[in-house]
Amino acid sequence: MSALLAWAQTTLSLSPTEIARALRATVPTLRRWQRDETSPRGEQLEQCNALYALRALLNTVFAAPDRAIRWLTTTPGLAGSTSPRDMIRAGASAELVWVLSTIDPDPFYDFTQERPEVWLDDDESIVVRWP
């Protein structure tokens, strides 16, 4: 658990408060998880599993970590859209896992020209649009 939380903080540049929100937990709960005093359960465990899966898929789909970070931090050019990292902050890691699992990594090493636009609409429903 400590490695996942450290990855979210360093690679995704999320604050402890943002990580807690994404995992539907509190900052003190995160600290207890880091010290192995307790473990996530229920919905929190599902959110952690989605974040683990997201980390694995990012490593699979993108040829280099900097490309994964670029995808995570790029906001599609649509009014009112959010970046994938903002979706993680909102607790939508499972939706991003779904998006990435639909990508065949072989032809998509570089998303600079063609990448899916992913955002939450006004109803906080996930929207995926391929160019």
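Analyst: Happy to! Let's start with Arg 24, which counts as partly exposed because its relative accessibility is 37% (buried means under 20% relative accessible area, exposed over 50%, partly exposed in between, with a 1.4 Å probe and protein chains only). Bear in mind that this is a predicted model, where local features need pLDDT of at least 70, side-chain atom pairs count only at pLDDT 80 or more, and totals for chains, interfaces and linings use all residues. Residues are numbered from 1 along each chain as its sequence is written, and side-chain values use heavy atoms, with hydrogens and water left out.

Arg 24 joins Glu 43 in a salt bridge, at 2.9 Å from N to O (a side-chain nitrogen of Lys or Arg within 4 Å of a carboxyl oxygen of Asp or Glu). This pair links distant parts of the chain, 19 residues apart: Arg 24 sits in the loop between α2 (16-22) and α3 (27-34), and Glu 43 in helix α4 (residues 42-61). Helices here are DSSP runs of H or I with at least four residues, numbered from the N terminus. Glu 43 is also partly exposed, at 45% relative accessibility.

The structure holds four salt bridges. Another one ties Arg 35 to Glu 37, with 2.7 Å between the closest N and O atoms. In the bridge between Asp 86 and Arg 89, the closest N and O atoms are 2.3 Å apart. These two residues lie three apart in helix α6 (residues 84-89), so about one helical turn separates them. Asp 86 is partly exposed at 29% relative accessibility, whereas Arg 89 is buried at 19%. Through shared partners, salt bridges join Glu 18, Asp 86 and Arg 89 into one network.
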